[in-house]
Amino acid sequence: MHLFLAIAVGVLHFSAFIDKVEPSFSNPGGSSSSSSGSSSSSGGCPSSQFRCPSSGRCIARSWLCDNDNDCGDNSDETHHTCPIVQPRASGSDVADAATNAVTQSLSSIFSDDHDFLRRIARAESNDGRHSNTYRDGYHGGIWQVDEIGFRDTQDTSSHPGLTRKFEAIQREFNINWQRIQWSDLRKPLYSALAARLLISNKPAAIPSTLARQAAFWKRHYNTAAGSGTEQHFINANN
């Protein structure tokens, strides 16, 4: 592990990372080679990899949106590249990336949630794959944050501590949370941010075990108005 200077979503900050193994690709001559410091002479990369626009370097798609400037020009961390800021994006990789962006970039203001944020995505929408996730007229996104809950994430009168969190979100993601609309939550990163802010407004601490998290989720997140059950939460995360 070591620290390096990374540019994420247009904002400079420090990020710890584990050294990555360079992906390989087959060049036009048929041999396999590392993508480090090189580019495909055919001008493309395998579908499992992303081509850096400036250098032509091929990097693993799993490296996108991880707060590491792998391309050197930050093109692997921009809003245009990252699926976590694409409306209606779904899937485990998207939910993983959005969760990691929130928990890692905002670790200074949010305590360890014991994977609770990630588990909510599975229970609420199967990581956005449920057919009702992006239904007409509902904008809660992968984390299914309803409009009342979203408004609560902007209510500094009831939750004065939100102001410091807004500052961190502005610093890390260049997002002015008080100007965000509920409809923005169709973007996975925004849905994840809303969910984490909503959870942080609850006075109770997030439990560490799955069973207790299921009870916490039902009481404070899905609530009596929701159709979910504690067993559903457990089953979705087993």
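Visitor: What follows helix 2, and what is its phi like?
Guide: That's Asn126, and its phi is positive, near 55°. Keep in mind that this is a predicted model.

Visitor: Which ones are they?
Guide: The buried residues of helix 2 are Phe116, Leu117, Arg118, Arg119, Ile120, Ala121, Ala123, Glu124 and Ser125.

Visitor: And what do those buried residues pack against?
Guide: Four helices: helix 1, helix 5, helix 6 (210-222) and helix 7 (230-236).

Visitor: Let's take helix 6. At what angle do helix 2 and helix 6 cross?
Guide: They cross at roughly 70°, and their axes come within 11 Å. The two helices are therefore roughly perpendicular to each other. As for handedness, helix 2 passes helix 6 in a right-handed crossing.

Visitor: Which residues make that contact?
Guide: From helix 2 you have Phe116, Arg119, Ile120, Ala123 and Glu124. Helix 6 brings Leu210, Gln213, Phe216, Trp217, Tyr221 and Asn222. Sorted by class, the contact of helix 2 with helix 6 has 7 nonpolar, 2 polar and 2 charged residues.

Visitor: Where does Gly91 sit?
Guide: You'll find Gly91 in the loop between strand 6 and helix 1.

Visitor: Is Gly91 buried or exposed?
Guide: Gly91 counts as buried, at 11% relative accessibility.

Visitor: What is Gly91 in contact with?
Guide: If you set aside its neighbours within four places in sequence, Gly91 is in contact with Asp127 and Arg129.

Visitor: New topic, helix 1 and helix 5. How do those two pack?
Guide: Helix 1 (residues 92-105) packs with helix 5 (residues 188-200) at an angle of about 50°, and their axes are 9 Å apart. That makes helix 1 oblique to helix 5. Helix 1 passes helix 5 in a right-handed crossing.

Visitor: Which residues meet there?
Guide: On the helix 1 side it's Val94, Ala98, Ala101 and Val102. They meet Pro188, Leu189, Ala192, Leu193 and Arg196 in helix 5.

Visitor: And what is that contact like by class?
Guide: The contact of helix 1 with helix 5 has 8 nonpolar residues, no polar ones and 1 charged.

Visitor: Switching to cysteines. How many disulfides does the structure hold?
Guide: The structure holds 2 disulfides. One joins Cys45 to Cys58, with S to S at 2.1 Å. The link of Cys45 and Cys58 is left-handed, with -85° about the S-S bond.

Visitor: Where do Cys45 and Cys58 lie?
Guide: Cys45 lies in the loop between strand 4 (32-34) and strand 5 (49-51), while Cys58 is in strand 6 (residues 58-60), so the pair ties together parts that are 13 residues apart in sequence.

Visitor: How accessible is Cys45?
Guide: Cys45 is partly exposed, with a relative accessible area of 22%.

Visitor: What about Cys52 and Cys71, how far apart are their sulfur atoms?
Guide: Cys52 and Cys71 form a disulfide with their sulfur atoms 2.0 Å apart. The link of Cys52 and Cys71 is left-handed, with -75° about the S-S bond. Cys52 lies in the loop between strand 5 and strand 6, and Cys71 in the loop between strand 6 and helix 1, so this pair ties together parts that are 19 residues apart in sequence.

Visitor: Are Cys52 and Cys71 buried or exposed?
Guide: Both Cys52 and Cys71 are buried.

Visitor: Last thing, the overall picture. How many helices and strands are there?
Guide: The protein has 7 helices and 6 strands. From the N terminus on, the elements run β-β-β-β-β-β-α-α-α-α-α-α-α.

Visitor: And how much of the protein do buried residues make up?
Guide: Buried residues make up 50% of the 238 residues. On contacts, taking those between residues at least 6 apart in sequence, 50% join residues at least 24 apart.

Notes: Residues are numbered from 1 along each chain as its sequence is written. This is a predicted model: local features need pLDDT of at least 70, side-chain atom pairs count only at pLDDT 80 or more; totals for chains, interfaces and linings use all residues. Side-chain values use heavy atoms; hydrogens and water are left out. Axes are lines fitted to C-alpha atoms, for helices over the stretch in contact, and angles run from 0 to 180 degrees between N-to-C directions. Angles under 35 degrees count as roughly parallel, over 145 as roughly antiparallel, 65 to 115 as roughly perpendicular and the rest as oblique. A crossing is left-handed if the near helix is turned anticlockwise from the far one by less than a right angle, and right-handed if clockwise. Contact means heavy atoms within 4.5 Å. Ala, Val, Leu, Ile, Met, Phe, Trp, Tyr, Cys and Pro count as nonpolar, Asp, Glu, Lys and Arg as charged, and the others, Gly among them, as polar. A disulfide is a pair of cysteine sulfur atoms within 2.5 Å. Buried means under 20% relative accessible area, exposed over 50%, partly exposed in between (1.4 Å probe, protein chains only).
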